[in-house]
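Hi,

Here is the structure I promised to pass on. Have a look at it first, and my notes on what turned up follow below.

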Amino acid sequence: MRNIATTNVTRANRVSIFTLAWQFVKRNGYTLSEALKCAWANFKLKRAMAARIVKFWFTKVDGSIREAYGTLSERMLPPTQGTGRRPNDTVQVYFDTEKNEYRCFKRANLLRFV
């Protein structure tokens, strides 16, 4: 019997989730269980932000908790031009709908989302 949470997840997505989890274990000292929970939450958050505005919480670098409303939906994003920056796999970039700017947070610091 298949888990409902993983029915629409391709093999490539599962590989990226487990790779991210191992990254959390190596870089952040998470247990494998904590790392998998956080990696799945990051995957689900990114998938939800691709469709709508999502409310989520993460821990900032200074230790405070930030509540954010963000999206990655193409129809809600302003036009952008290339910045020439290399992608960073340790952070999640999102468009903050309250500040009307692109922001990012460390993926390992995601607490939860609605």
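Let me start with the salt bridges. Asp96 and Arg66 form one, with their closest N and O atoms 2.5 Å apart (a salt bridge here is a side-chain nitrogen of Lys or Arg within 4 Å of a carboxyl oxygen of Asp or Glu). This pair links distant parts of the chain, since Asp96 sits in strand β3 and Arg66 in strand β2, 30 residues apart. Helices (H or I, at least four residues) and strands (E, at least two) are DSSP runs, numbered from the N terminus. Both Asp96 and Arg66 are buried, where buried means under 20% relative accessible area, exposed over 50%, and partly exposed in between (1.4 Å probe, protein chains only).

Before I go on, a word on the source: this is a predicted model, where local features need pLDDT of at least 70 and side-chain atom pairs count only at pLDDT 80 or more, while totals for chains, interfaces and linings use all residues. Residues are numbered from 1 along each chain as its sequence is written, and side-chain values use heavy atoms, with hydrogens and water left out.

By the same cut-off, the count comes to three salt bridges. Another joins the side chains of Lys55 and Glu67 (3.4 Å, N to O). Lys55 lies in strand β1 (residues 54-59) and Glu67 in strand β2 (residues 65-71), so this pair ties together parts that are 12 residues apart in sequence. Lys55 is partly exposed at 26% relative accessible area, and Glu67 is partly exposed too, at 35%. Then there is Glu101 with Arg103, where the closest N and O atoms are 2.8 Å apart. Glu101 is partly exposed at 41%, and so is Arg103 at 29%.

Now the pockets. A pocket is an open set of points on a 1 Å grid over the protein atoms alone, where a 1.4 Å probe fits, with protein on both sides within 12 Å along at least five of seven lines; lining residues have an atom within 4 Å of a point. The largest pocket has a volume of about 550 Å³, a volume being the space filled by probe spheres set on the points. It is lined by 15 residues, and the closest to its centre are Thr83, Arg85, Arg86, Pro87 and Val93. Strands β3 (91-96) and β4 (101-106) each supply at least two residues of that lining.

The second largest pocket holds about 250 Å³ of space. Helix α1 gives the largest share of its lining, five residues.
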